[in-house]
Amino acid sequence: MHNPHWRLAAAISASVLLTLATGCGPSETKDQQIAAAKAALAKNDRRTAIVQLKNALQQDPKSAEARFLLGDTLLKSGDYAGAAQELARAAELKHDPNALLPSLVKSMVATGQAKKAVELYGTTKLTDPRAAAELNVALATAYAAQGMREPSQASVKTALQLDPGNTTARLLDARAAAQRKDFDGALKLVRGVIADDAKNREALQFQGELLWSGKADWEGAIQSFRQTLAVDPKYLPAHAAILAIYLQRRDVNGFKSQFAELKKALPDHAETRFYEAQVALAEEDYKRAREISQQLLRVGPDSPRLLQLAGAIEAAGGSPALAETHLAKALQLAPGLLFARRLLAETYNRSGQPDRALTTLRPLLEQAHPPAEALALAAESNLLLGEPLKAEALFAEAAKANPSDSKVQTALALTQIAKGNYSNGFAQLETVAAHDPTTFADLALIGARLRRNELDAALQAVDKLQAKVPNRPSAYHLRGRILMQRKDWAGARAAFEKALSVDPAFFPAVADLANIDLVENKPDQARKRFEDVLAREPQNMRALVSLVTLRTRTGAPPAEIEAMLQNAIRQNATELAPRVLLVDHLLAQGNSKAAVTVAQEAVAALRDNPIALSALGRAELANGDTQQAISTYGRLVAAQPKSTQTLLALADAYVSAKDTPAATRTLYKALEIYPGLLEAHRRLLALALADKRMDQALDIARTVQKQHPKAPAGYLFESEVLAKQQKWQPALAAAKAALERQRITDIALKVYTLQLMAGQTVEAERFAADWLKQQPQDATFLASLGAVAIEKRDYAAAEKHYRAVVGLRADDASALNNLAWLLLQQGKPGAAEFAARANQLTPNRPAVMDTLASALLQENKLSQAIEWQRKAVDAAPNVPGYRLNLAKSLLKSGDKTAARAELEKLAKLGDKFGGQGEVETLLKSI
């Protein structure tokens, strides 16, 4: 069938297509196309201009003008790479440098070629004053990108001399004033630009930023940003700034309203989706927030900002394990993300990893002026670790760092308590806590009460904290920890269960409930708790670590632990934690070769993940593959050139290779990145001491003192150097200076030890008595006094100290074992009870089983004594002392044949065992 209408339509379509195809083709000359592009640019129609210019270049690829116009248009459109390419070709074609060079330098700076731009054009002189001014402005940004402030400001000054009205130079001058904290001067300069051009988008935006961050004038800042949006409704930085202010003010309604404007202006922009996820998070729609963040991460899996957002969503949505993963990766990629660092520390505290929280916070805590939020988080971590003394000191420092009303009052109250003015200090602290809407003063009060072992008063403070934040698990958890100290296991269990009812993902409560299960001899129930967490959240590596630790403590064979971790790897092939755990487990078993294999598989499976590479480096070092470890850590440094932790690891590898110069160079590289890095100074000090470079070691200590005048580290370093030279009095003076800066147990013990070394026995005993009078619950100090007494063979004094430790820390297996050993040495009864408790807390430890066997032998329980002694020997067959004790027990039981077999094994050791005289005597007695 023929359709004439169809044929007519086809003919018309063909004609139209031909017309369209030739309308901007050869029928238009190159000059016409360039003219059309200029006309489009005059209308701000960059898209049409780019098409016209590309067509012009198809006709004449050597057109310098078309190359320049295309490059300049691409630059203004945000295509910096394309702009740099086209402008470079325009330069090759000798386009007018007055027009070309300002744009070319800008494109080079935008594509990371700031140094090259300065090298090529830093001394270029242009004939047109205005163009020369623009070039100097571009060079100013190039210098600034390299951290060269003085040359940058000099270029701005030159630009303003050439063209006083140059807007960009005036704004850069204002930014320089803001960097000097001269916010009033900066505002005056910016407002001068706005007076000349009321629609200058960049000036209006910068005015808002100055009002916001420089003058704390939030309302004025929002007004200025809205003026920016009136000029350009699609200007993303203005939208972002207003949204950030509303977040800072916790104004959820304002945030939502501004987001609606952003979505209207830029409905398909990735940033709009980013803020949409934040809106969902604010509305506690975690499912929606998670969906959006995952979509964004598929596009930008290595974006620190997206990872930070995803971490915040998972932390709020009850998936701390995923939050850890996202936030840790964000910090690997961008260590300077303060919010991610604080949130990761909070997440670690929440999941029962306060030690890792402190490690995460360390870069902030080692700053000359640590942020108050970091200090408060570190204080909370120390509370979770059972270190109320450290917590109190950190809370006091946090209060000084952020002198808001309630925190200043909290600091003053804590100072009163530290001076011994307990009545007034606690009264002030309770008053502040009652009126402070935050929990800062409450936590400080609880920490201070716990430090003095005032458990009833601490519980009363927890009551008030619970009333203030009934929907947070931390208050109930604190109650449980205090009740555990009182051995009120039922009350503690109820408190932890209440914490979990408030927040089922609050892992510290799960861990403490498992601890109570172990105390009550219910290991299977403890095990089930962790298994239940893993069933709900298979990626919860904290639960996996706890389960592995529990199975290890309760005597699971190493092969079972290895099988658990291998299974976790099979179920979570892309999960890092079980692989690293398996590496560490194999290293603990002395199987470094297998550890290397597992680590290599982790690196391959996880595409050179930095943590996997670090595990490989550790395994290689343990396996004696020192040069290979250096190579592995070198890969890490190449991937993370600004990571001080990676440089420290590489330095350690060089130390293992006995390459002190390379280790020293690497440590100084770390100090170039972070001059105040204590770990680098500590390692340099160790290297200097090892080489007996005492003057250099003292210089390191003095440098740290200058960098951290209020911290104890530099004085402890000095004390260590002087002690190495047996200069006891100056070493003691340095240690006392450290103690003045931070009154903590470790430093107090150093002072006490140095007093003994200096022969000041009376002063040492007086110092110890004074310390315990102020800190009567300092179990660590008491345990150290016990250890000193053991060295002096003053077993009665040692027993007294260890009984005090056990009274304070009933679950301290080491103290229980030591106390049992001391009773045995003195021939006193009761050793078996303490040894049995120690063994229950830490099963399968050879030293504890040996003590238990000796205690049972003392009570003439021969069969039980022999059984436990055999277990000690089986667990540590290369410790001859355990085998000798077994032989003695067998002889006492009358089993001379078995005793002789054990003694003959010892005799074969020859000079490797120093007790051959006793072995020979026993053999002769059989």
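Residues are numbered from 1 along each chain as its sequence is written, and side-chain values use heavy atoms, with hydrogens and water left out. Because the model is predicted, local features need pLDDT of at least 70 and side-chain atom pairs count only at pLDDT 80 or more, whereas totals for chains, interfaces and linings use all residues.

**Cavity**

- A search of the whole structure finds one cavity of 30 Å³ or more (a cavity is a set of points, on a 1 Å grid over the protein atoms alone, where a 1.4 Å probe fits but cannot get out).
- The space in the largest cavity is about 30 Å³ (a volume is the space filled by probe spheres set on the points, which are joined across faces, edges and corners).
- Thr664, Leu684, Leu687, Ala688, Arg693, Gln696 and Ile700 line the largest cavity (lining residues have an atom within 4 Å of a point).
- Helices α40 (678-690) and α41 (694-707) each supply at least two residues of this lining, and the largest share, three residues, comes from α40 (helices are DSSP runs of H or I, at least four residues, numbered from the N terminus).
- By class, the lining has four nonpolar, two polar and one charged residues (Ala, Val, Leu, Ile, Met, Phe, Trp, Tyr, Cys and Pro count as nonpolar, Asp, Glu, Lys and Arg as charged, and the others, Gly among them, as polar).

**Helices α10 and α12**

- Helix α10 (residues 167-179) packs with helix α12 (residues 201-214) at an angle of about 10°, and their axes are 11 Å apart (axes are lines fitted to C-alpha atoms over the stretch in contact, and angles run from 0 to 180 degrees between N-to-C directions).
- The pair α10 and α12 is therefore roughly parallel (angles under 35 degrees count as roughly parallel, over 145 as roughly antiparallel).
- On α10 the contact involves Leu171, Ala174, Arg175 and Ala178, and on α12 Glu202, Ala203, Phe206, Glu209 and Leu210 (contact means heavy atoms within 4.5 Å).
- This contact has six nonpolar, no polar and three charged residues.

**Helices α10 and α11**

- The axes of α10 and α11 (residues 183-196) cross at roughly 165° and come within 7 Å.
- Helix α10 is therefore roughly antiparallel to α11.
- The crossing of α10 and α11 is left-handed (the near helix is turned anticlockwise from the far one by less than a right angle).
- The residues of this contact divide into nine nonpolar, two polar and three charged.

**Helices α42 and α44**

- Helix α42 (residues 713-724) and helix α44 (residues 745-757) pack at about 25°, with axes 12 Å apart.
- These two helices are therefore roughly parallel to each other, and their crossing is left-handed.
- Leu716, Ser719, Glu720 and Ala723 of α42 meet Ile747, Lys750 and Leu754 of α44.
- This contact comprises four nonpolar, one polar and two charged residues.

Notes. On a 1 Å grid over the protein atoms alone, a cavity is a set of points where a 1.4 Å probe fits but cannot get out, and a pocket is an open set with protein on both sides within 12 Å along at least five of seven lines; lining residues have an atom within 4 Å of a point. Angles under 35 degrees count as roughly parallel, over 145 as roughly antiparallel, 65 to 115 as roughly perpendicular and the rest as oblique.
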